[in-house]
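Below is what I looked up, one topic at a time.

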Amino acid sequence: MKRVNIGGQAVLEGVMMKGPSSYALAVRKPNKEIDVKVTPYKSMGEKHKGLSIPIVRGVVNFIESLYIGMKTLMDSSEYFEEDEAEVKTKEDTKKESGNSGYLIGTLIFSLIIAIGVFMLLPAFLANFLYKLTDKDIIVNIAEGLLRLFIFLGYVAAIAHMEDIKRTFMYHGAEHKTINCMEAGKDLTVENVRSATRFHKRCGTSFVFIVMIISIFVFMFVQTDVMWIRLVSRILLIPVIAGISYEVIRYAGRHTNVCSNILSAPGLWVQRLTTREPDDDMIEVAIKSVEGVIDWHEYVECVRNDSFE
C-alpha cells in the first residue's frame with residue numbers, strides 16, 4: 001500500500017472522508033442508523049499532469065475541496081428533510097436533475113459572500129488609513145490584522161450556535177479518527193477517543209494560513225487607489241491559495257521546528273472549530289474512513305513502516 005493522506009470534513013450529523021480514489025459520506029440518520037454513501041472520484045491533478053505542479057495544484061485542490069464539501073453538506077441535509085419518507089414524484093426527479101446547477105450556483109454565491117467579507121471589506125476599511133499615513137506597509141498590515149479579527153470573530157460567534165456545536169464535535173471526531181489511523185492504531189472507539197482532536201492538515205489551518213500569506217502577498221500591491229486595491233485582492237486569491245496549500249502540505253508531511261511553527265497558529269484556531277465528540281460521532285467517522293480505505297492494511301503498514 002502507498003502512504004496516502006486522508007482528508008475530511010464535518011457535515012450535518014456526519015463526516016465526509018476523502019481517500020485516494022473516492023470520498024465517503026457517513027451520516028447518523030434520525031433513526032440512529034449510520035448510512036454510508038461512497039462516490040468514486042479522481043482529482044483533476046491526476047487526470048491532467050499540468051494541474052499537479054506546485055502552486056497550481058493548490059488552486060485545483062482548493063476548488064475541488066469546495067465543490068465536494070458543499071455537495072456532501074447538502075447531501076447530509078437531505079437525511080433530515082421532513083418529506084424524506086415520501087415517494088418521489090416526477091417533480092422530485094426534475095428537481096434532482098437540476099441539483100448540479102443548483103450546487104454550482106450555491107457555491108459561487110457562497111464564494112462571493114466569503115470574498116466580500118474576508119477579502120474586500122478589510123481592504124476597503126484599511127484604505128481609509130491613508131488619511132493618517134502614507135506608509136503602504138502600515139496599511140497592509142492593518143488590513144491583514146483586520147482580516148484575521150473578522151475571521152476569528154466570525155468563528156467565535158457561530159461556535160455558540162447549537163447546530164454548529166454538534167458540527168464542531170463531528171469535526172473533532174474526523175480529526176481524531178485520522179490521527180488514530182496515522183499513528184498506527186486500530187480504529188476502535190476507545191483508541192480514537194484517546195487521539196488528539198487537532199490536525200495539521202485541517203481546513204481551518206488552511207484558511208488561517210491564507211490570512212497570514214495574504215498579508216505578505218498584498219504588500220506587493222502598493223497603492224491608495226481604492227478600486228485597484230479591491231481588484232488586486234480578487235485577482236491574487238489563486239496565488240494566495242496556491243502558496244498556502246504548499247505551506248500546509250509541507251507542515252503536514254514534516255515534523256520539525258519549521259513545520260511546528262507553521263502549524264501552531266492553525267492548531268490554536270482549531271480549539272474554536274473542534275470539540276470533543278461523543279462515541280456515536282466517533283462511530284460515524286470510523287464508518288466514513290472504512291468507505292474509502294482499508295484501514296487495517298494501512299495501520300499494519302504504519303506499524304511495520306512497509307509503505308511502497
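**Greasy patch.** I went looking for nonpolar surface and found a patch of about 600 Å², made by F109, I113, V117, L121, F124, L125 and F128. This is a predicted model, so I'm keeping that in mind for every entry. I picked F109 to check and found it in helix α4, which covers residues 99-126. Is F109 buried or exposed? The cut-off for exposed is over 50% relative accessible area. F109 comes out at 54%, so it counts as exposed.

**Hairpin.** Next I looked at strands β1 (residues 7-11) and β2 (residues 14-18), which pair in the antiparallel sense over five bridges. I traced one of the bridges: Q9 partners with M16 in β2. Two residues sit between the strands of this hairpin, and E13 takes a positive phi near 55° there.

I stayed with E13, which is in the loop between β1 and β2. Is E13 buried or exposed? Its relative accessibility is 18%, so E13 counts as buried; the limit for that is under 20%. Then I listed what E13 touches, skipping residues up to four places away in sequence: A26, V27, R28, F80, R166 and Y170. I also checked E13 against E182, 169 residues along the chain, and their C-alpha atoms are separated by 24 Å.

**Nonpolar cores.** Which residues have the most contacts inside the largest nonpolar core? I noted I6, M17, M181, L187, V289 and I293, in a core of 29 residues. The elements giving two or more residues to this core are β2, β3 (22-28), α6 (162-182), α12 (279-290) and α13 (295-304). Another core, of 13 residues, lies apart from it, and V210, I213, V217 and I240 are among its members.

I zoomed in on L187. Leaving out residues up to four places away in sequence, L187 touches T177, C180, M181, V192, I286, V289 and W295.

That took me to W295, in helix α13. W295 has a relative accessible area of 6%, so it is buried. Beyond its neighbours within four places in sequence, W295 is in contact with M181, D186, L187, V289 and E290. I checked the W295 and M181 pair: they are 114 residues apart in sequence, but 7.0 Å apart in space, C-alpha to C-alpha.

**Salt bridges.** How many salt bridges does a search of the whole structure find? It finds 16. I wrote up three of them.

- R233 bridges to E143, with the closest N and O atoms 2.6 Å apart. R233 is in helix α9 (residues 226-235) and E143 in helix α5 (residues 136-158), so this pair links distant parts of the chain, 90 residues apart. Both R233 and E143 are buried.
- R193 bridges to D279, with the closest N and O atoms 3.1 Å apart. R193 belongs to helix α7 (residues 189-194) and D279 to helix α12, 86 residues apart. R193 is partly exposed at 40% relative accessibility, and D279 is partly exposed at 34%.
- E276 bridges to R197, with the closest N and O atoms 3.5 Å apart. E276 lies in the loop between α11 (257-273) and α12, and R197 in the loop between α7 and α8 (203-218), so the pair ties together parts that are 79 residues apart in sequence. E276 is partly exposed at 43%, whereas R197 is buried at 15%.

Terms used. Residues are numbered from 1 along each chain as its sequence is written. This is a predicted model: local features need pLDDT of at least 70, side-chain atom pairs count only at pLDDT 80 or more; totals for chains, interfaces and linings use all residues. Side-chain values use heavy atoms; hydrogens and water are left out. Two strands pair if DSSP finds at least two bridges between them. Helices (H or I, at least four residues) and strands (E, at least two) are DSSP runs, numbered from the N terminus. A nonpolar core is a set of buried Ala, Val, Leu, Ile, Met, Phe, Trp, Tyr and Cys residues joined through side-chain atoms within 4.5 Å. Buried means under 20% relative accessible area, exposed over 50%, partly exposed in between (1.4 Å probe, protein chains only). Contact means heavy atoms within 4.5 Å. Patches are made of residues with over 30% relative accessible area and no salt bridge: like charges are joined within 9 Å, nonpolar side chains (Val, Leu, Ile, Met, Phe, Trp, Tyr) within 5 Å. Accessible areas come from the Shrake-Rupley method with a 1.4 Å probe; for residues, only the protein chains shown count as cover. A salt bridge is a side-chain nitrogen of Lys or Arg within 4 Å of a carboxyl oxygen of Asp or Glu.
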